[in-house]
Amino acid sequence: MNILRECLKKFWYNEQKYCNYPLDKTDEVLLLDTSVYKRIYRLSNNRSFIRLYHCICMHKLLFIMIVFVCIPIILYMFLLILSNSQAFIPIQFQQNHYRLLLVVAHPDDECLFFSPTLHVLQKQYHVNLSLLVFSRGNHIGLGHIRAMELYDSCKALNISKERCISLDLPNIQDNPNVWWSEKQLIPMINEYINKWSIDILVSFDNKGISGHINHRAVAFAVRTLIKTNNNTIIKMSYELKSVSILRKYSSLFDFYLIFISFIPRFLRSLLSYVIPFNLISSPDLSCILLINTPNDYMISRNAFASHKSQYSWDRYIYLIASRYMFVNELIYINKKFS
């Protein structure tokens with residue numbers, strides 16, 4: 001009995017491939033017992049998993065570095081290399097010089113959430129940028145300061161001062177408890193669309209990234225404007241995809257899921273090149289993936305540094321941990337009601 005117990009113990013910790021002790025008749029009878037036999041058989045089948053678990057336990061730090069740092073960086077660099085592919089940027093952007101209007105709620109939204117969109121479309125595709133901010137962030141009485149900080153941020157993001165507008169309207173003020181009426185927002189959006197001959201409209205989605213009620217109100221106004229065909233000169237409109245709180249603060253680790261989700265578009269893009277006679281069309285406009293280079297990331301940090309009044313301890317965490325400092329997924333807003 002003791003010999004058999006010692007055998008199983010050493011087998012479990014993988015110190016020996018199998019028990020080398022001689023078995024007497026009593027032990028042989030015990031081994032023939034169904035429950036003992038099944039346990040040994042199950043352990044032998046799980047041996048490879050036990051070894052893997054043991055290896056991970058012995059090299060925990062190395063395992064964490066590989067899974068949470070090395071592989072995400074590799075995926076980030078891989079997607080960055082392919083960032084000009086039609087799988088990530090529709091061919092329409094590569095053939096035209098568009099005029100884009102970014103519509104947000106508060107000063108600093110442009111660099112905290114949309115910096116990959118602004119950097120990539122301007123630098124790689126020569127998109128002319130304009131920014132419309134519906135409030136000056138005067139919730140705690142710093143509106144005049146934040147309006148001036150916005151100009152410095154726009155300068156860092158290479159948006160001209162004439163196209164960097166923050167409004168100060170009596171009924172549209174920064175307030176996390178007040179829903180802005182689309183009847184007041186839509187005419188203002190239309191005014192600047194017509195004034196600057198805008199082709200592309202970009203804003204929040206219905207969750208507003210952070211869930212802020214002002215963000216969601218702006219998103220609702222933009223969707224209403226597009227779906228009602230209120231302005232006919234807009235060629236394309238996109239909303240920034242919101243994700244769960246875990247993904248939002250997963251930094252480069254989120255590239256695991258991004259890579260998986262964009263595999264079908266990448267394969268479709270590849271096949272459209274390989275297969276002749278246009279049997280497979282290139283990816284459509286439904287989704288765009290925009291990735292900041294390391295240099296663009298630093299520029300985005302410098303742009304937020306212009307918003308000195310908004311710096312707090314949690315902002316430092318955000319600048320490092322937020323996926324929106326590295327990547328934007330834009331979802332096409334269909335003009336047809338769903």
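In what order do the 7 strands of the open sheet lie? The order is E3-E2-E1-E4-E5-E7-E6, with mixed pairing. The legends below describe a predicted model, in which local features need pLDDT of at least 70 and side-chain atom pairs count only at pLDDT 80 or more, while totals for chains, interfaces and linings use all residues. Residues are numbered from 1 along each chain as its sequence is written, and side-chain values use heavy atoms, with hydrogens and water left out.

View 1. Helices (H or I, at least four residues) and strands (E, at least two) are DSSP runs, numbered from the N terminus. Two strands pair if DSSP finds at least two bridges between them. The open sheet has 7 strands; strand E3 (164–166) and strand E6 (287–291) are the edge strands, each pairing on one side only. Direction ignored, neighbouring strands of this sheet are turned by 20° against each other on average. Helix H9 (residues 143–156) lies across strand E2 (128–133) and E3, and runs at about 160° to E3. Such angles run from 0 to 180 degrees between N-to-C directions, the axes being lines fitted to C-alpha atoms, for helices over the stretch in contact.

View 2. Strands of a sheet pair through backbone hydrogen bonds, either parallel or antiparallel. Strand E5 (residues 236–240) and strand E7 (residues 327–332) run antiparallel and are joined by 3 bridges; Leu 240 stands opposite Leu 330 in E7. E6 and E7 also pair in the antiparallel sense, over 5 bridges, with Ile 291 opposite Val 327 in E7. In E6, 5 of 5 residues are buried (under 20% relative accessible area, with exposed over 50% and partly exposed in between; 1.4 Å probe, protein chains only). Cys 287, Leu 289 and Ile 291 lie on one side of E6, and Ile 288 and Leu 290 on the other.

**View 3. The largest pocket.** A pocket is an open set of points on a 1 Å grid over the protein atoms alone, where a 1.4 Å probe fits, with protein on both sides within 12 Å along at least five of seven lines; lining residues have an atom within 4 Å of a point. The largest pocket holds about 420 Å³ of space, a volume being the space filled by probe spheres set on the points, which are joined across faces, edges and corners. Of its 22 lining residues, Asp 108, Leu 112, His 212, Gln 310 and Arg 315 lie nearest the centre. Helix H7 (109–112) and helix H17 (313–321) are the elements that give two or more residues to this lining, and H17 gives the most, with 4 residues. By class, the lining has 7 nonpolar, 8 polar and 7 charged residues (Ala, Val, Leu, Ile, Met, Phe, Trp, Tyr, Cys and Pro count as nonpolar, Asp, Glu, Lys and Arg as charged, and the others, Gly among them, as polar).

**View 4. Helix H8 and the residue after it.** Helix H8 (residues 115–125) is mostly covered, with 9 of its 11 residues buried. Among them are Pro 116, Leu 118, Val 120, Leu 121 and Tyr 125. His 126 follows H8 and has a positive phi, near 55°.

**View 5. Two buried serines.** Ser 251 is found in the loop between helix H13 (245–248) and helix H14 (255–261). Ser 251 counts as buried because its relative accessibility is 18%. Not counting residues up to four places away in sequence, Ser 251 touches Ile 320, Ala 321, Ser 322, Arg 323 and Phe 326 (contact means heavy atoms within 4.5 Å). Ser 272, placed in helix H15 (residues 263–274), is buried at 16% relative accessibility. With residues up to four places away in sequence not counted, Ser 272 touches Ile 280, Ser 281 and Ser 282.
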